[in-house]
Amino acid sequence: MIEVISSPSNNTLKHVKKLHKKKYREEYKQFILEGEKTVLEALESDCAIDMMLFSEAYFHPLLEEKAMNKGVRCIRLKDQLFGQLSDTQSPQGVLAVIRQKEYELNKILDSRSGFLLIMDGIKDPGNLGTMIRTMDAAGGDGVILINDCVDPYNPKAIRATMGSILRVPVLKAVNKEEILTALIQAGYHIVVSGLDGMDVFTYAEETNKLALVIGSESHGVSPEVRKKAQSLVKIPMVGGAESLNAAVAGGILIYEFFRKRRKMDS
């Protein structure tokens with residue numbers, strides 16, 4: 001049965017509003033997922049959904065039935081109240097409160113394909129979310145965040161993942177030295193992107209396990225991480241631009257290494 005909430009002072013609504021702030025997402029280990037397509041994906045995945053909220057105007061019997069069959073708490077709100085919970089200019093009328101998954105480093109390092117992305121100090125949530133989505137498309141094993149990256153559960157980052165946050169393990173690392181040491185001990189070849197590296201399209205190092213490091217939009221990869229790298233690569237630029245957007249650069253590098261590894265396996 002769908003609950004109906006009409007009061008803006010309702011404690012459940014206050015709780016959902018709090019999840020727009022990082023400190024509460026971290027405290028409650030929850031995040032908001034908006035939009036019909038991604039909410040349906042969540043229902044069909046193994047993620048834990050704590051509640052779903054619908055606007056008064058929203059109507060999708062199949063989605064609501066799936067949610068109730070899964071035992072998810074379902075709530076209907078007046079459109080105005082729903083709009084106060086949404087982070088988008090044109091809300092689709094459905095959102096879910098999802099429990100954050102807890103990932104262990106050793107399990108990520110022991111994953112199937114041996115291809116990881118390390119994001120070093122990425123501050124733009126759209127860039128971070130886009131690169132998570134790209135790793136999902138390329139079949140990568142996971143994403144590790146170091147040096148105070150933006151929160152991957154930021155609403156803008158979540159939207160940019162287009163549902164990939166439900167599939168790609170994302171680990172927020174506290175100790176980057178521990179992460180780098182663990183990567184090396186697990187046999188990963190650490191490749192760092194930098195303007196003084198070799199042309200990634202002619203780079204020919206072959207390795208079964210690869211960790212690609214993408215640096216921040218303004219400062220690039222941090223010096224401590226560069227010191228641990230076994231290889232340094234760059235994307236050649238022959239035009240007038242001096243650099244690329246972090247997500248664009250990340251997409252090119254991810255797929256170039258995807259191509260090289262597929263060729264190596266064939």
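In which helix is threonine 12 found? In this predicted model, threonine 12 belongs to helix H1, which covers residues 11-18. Its relative accessibility is 13%, so threonine 12 counts as buried, the cut-off for that class being under 20%. Leaving aside residues up to four places away in sequence, threonine 12 touches Ile5, Met51, Arg73 and Ile75.

Within H4, which runs over residues 61-69, the buried residues are Leu63, Glu64 and Ala67. They lie on the same side of H4, because the arc they cover around the axis is only 95°. An α-helix has 3.6 residues a turn, so residues three or four places apart point the same way. After H4 comes glycine 71, with a positive phi near 80°.

The next topic is the aromatic rings. How many aromatic pairs does a search of the whole structure find? The search finds five. A pair of aromatic rings is described by the distance of the centres and the angle of the planes. One of the pairs is formed by tyrosine 24 and tyrosine 28, and it is stacked, with 6.3 Å centre to centre and 15° between the planes. Planes under 30 degrees apart count as stacked, which is why this pair falls in that class. Both tyrosine 24 and tyrosine 28 lie in helix H2 (residues 22-28), where four residues, about one turn of the helix, separate them. Tyrosine 24 has 19% relative accessibility and therefore counts as buried, whereas tyrosine 28, at 30%, counts as partly exposed.

Tyrosine 255 and phenylalanine 258 form an edge-to-face aromatic pair, with 5.3 Å centre to centre and 65° between the planes. The class follows from the angle, because planes over 60 degrees apart count as edge-to-face. Helix H11 (residues 246-265) holds both tyrosine 255 and phenylalanine 258, three residues apart, about one turn of the helix. Are tyrosine 255 and phenylalanine 258 buried or partly exposed? Tyrosine 255 has a relative accessible area of 36% and so is partly exposed. Phenylalanine 258 has 25% relative accessibility and also counts as partly exposed.

How values were computed:
Residues are numbered from 1 along each chain as its sequence is written. This is a predicted model: local features need pLDDT of at least 70, side-chain atom pairs count only at pLDDT 80 or more; totals for chains, interfaces and linings use all residues. Side-chain values use heavy atoms; hydrogens and water are left out. Buried means under 20% relative accessible area, exposed over 50%, partly exposed in between (1.4 Å probe, protein chains only). Helices (H or I, at least four residues) and strands (E, at least two) are DSSP runs, numbered from the N terminus. The arc is that of the directions from the helix axis to the C-beta atoms. Rings of Phe, Tyr and Trp (its six-membered ring) pair if their centres lie within 6.5 Å; planes under 30 degrees apart count as stacked, over 60 as edge-to-face and the rest as tilted. Contact means heavy atoms within 4.5 Å.
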